[in-house]
Amino acid sequence: MNHILQTISRILSVITYPLFMPTYAILIAFKTTVLNYLPGNPVIPITLVTFGITVAIPVIAIYLLNLFKVISDPLLNKRRDRTYPFLITLASYIGLGGYLVRLHAPMWLSSFAFGAAALLLVMALINLKWKISGHAAGMGGLTALSVYLVYKGYCLMPGTLLPCLTVLIAGLVGTARLLLGRHTLGQVTAGYFLALFMLYAALNII
């Protein structure tokens, strides 16, 4: 039974790897709002560009950092290995925000990207002294986006289904990280609520 739980936890951790969160956010934005009805189906090229900026570039950077022994673990399980990847990912989020602005995307969508960059800066500073959960932060960001879309009336899904789904998945992911021994309950909780509040604030302020 323990082996099964460990396997499920690893699968969940891969699927919800923090670098994937902006791509998931774009998919949520385009598939649950009126953006889904834009002519020409722009969701595919925009999602691919988002993946390239926020996944491919950081992954290549992490590979090179590991290759040149700047970091010792490409999975970033060690706190001391996270600072440079955090800063590189921060820059990629700023790049995504700029890309969305140039596309004349809704302001709340580009605000999400810039808010994520601000979140990464705070997490990088926290990481200097304490390990905080990136997985939980990623899910906190998606929860913030989901709540915002429902609160503003942008979400086309019935009721509060979208936020409920993100909260449920966040609970599963947090539990998975605990079962794998990657984080403590405090690190998971801090990551989730830090992202939830920062991203929700960014969506409403910027």
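## Order of the elements

From the N terminus on, the elements of the chain run α-α-α-α-α-α-α-α. In total, the secondary structure comes to 8 helices and 0 strands. The radius of gyration is 17 Å, close to the 17 Å that the globule rule gives for 206 residues, so the chain is as compact as a globular protein of that length. The model described here is a predicted one.

## The chain as a whole

Along its principal axes, the C-alpha trace spans about 45 × 40 × 30 Å. Of the 206 residues in the chain, 46% are buried.

Among contacts between residues at least 6 apart in sequence, 73% join residues at least 24 apart.

## The largest pocket

The largest pocket holds about 650 Å³ of space. It is lined by 34 residues, and the closest to its centre are Tyr17, Pro18, Leu19, Gly134 and His135. The elements that give two or more residues to this lining are helix H1 (2–15), H2, H4, H5 and helix H6 (134–151).

Which helix gives the largest share of the lining of the largest pocket? That share, 6 residues, comes from H6. By class, the lining of the largest pocket has 22 nonpolar, 8 polar and 4 charged residues.

## The second largest pocket

About 210 Å³ of space lies in the second largest pocket. Its lining is made of 13 residues, and Tyr24, Ile28, Leu142, Thr166 and Ile169 are the closest to its centre. At least two lining residues each come from H2, H6 and H7. Helix H2 gives the most to this lining, with 5 residues.

The lining of the second largest pocket divides into 10 nonpolar residues, 2 polar residues and 1 charged residue.

## The cavity

How many cavities of 30 Å³ or more does the structure hold? There is 1 cavity of that kind. The space in the largest cavity is about 40 Å³. Its lining consists of Pro22, Ala25, Ile26, Leu96, Leu100, Leu109, Phe112 and Ala113.

Three helices, namely H2 (21–32), H4 (83–102) and H5 (107–127), each supply at least two residues of the cavity lining. What classes do the lining residues of the largest cavity fall into? They divide into 8 nonpolar, no polar and no charged residues.

## Arg177

Arg177 is found in helix H7, which covers residues 161–179. Is Arg177 buried or exposed? The cut-off for buried is under 20% relative accessible area. Arg177 has 6% relative accessibility, so this residue counts as buried.

Neighbours within four places in sequence are set aside in what follows. Apart from such neighbours, Arg177 is in contact with Ser13, Asn77, His135, Arg182, His183 and Val188. One of these partners, His135, is also among the residues closest to the centre of the largest pocket.

Notes
Residues numbered from 1 in each chain as written. Predicted model: local features only at pLDDT ≥ 70, side-chain atom pairs only at ≥ 80, totals over all residues. Heavy atoms only, no water. 1 Å grid on protein atoms, 1.4 Å probe; cavity = no way out; pocket = protein on both sides within 12 Å on 5 of 7 lines; lining within 4 Å. Points joined across faces, edges and corners; volume = space filled by probe spheres on them. Helix = DSSP H or I, 4+ residues; strand = E, 2+ residues; numbered from the N terminus. Nonpolar A, V, L, I, M, F, W, Y, C, P; charged D, E, K, R; others polar. Rg over C-alpha atoms; globule rule 2.2 N^0.38 Å. Buried < 20%, exposed > 50% of the residue type's maximum accessible area, 1.4 Å probe, protein only. Contact = heavy atoms within 4.5 Å.
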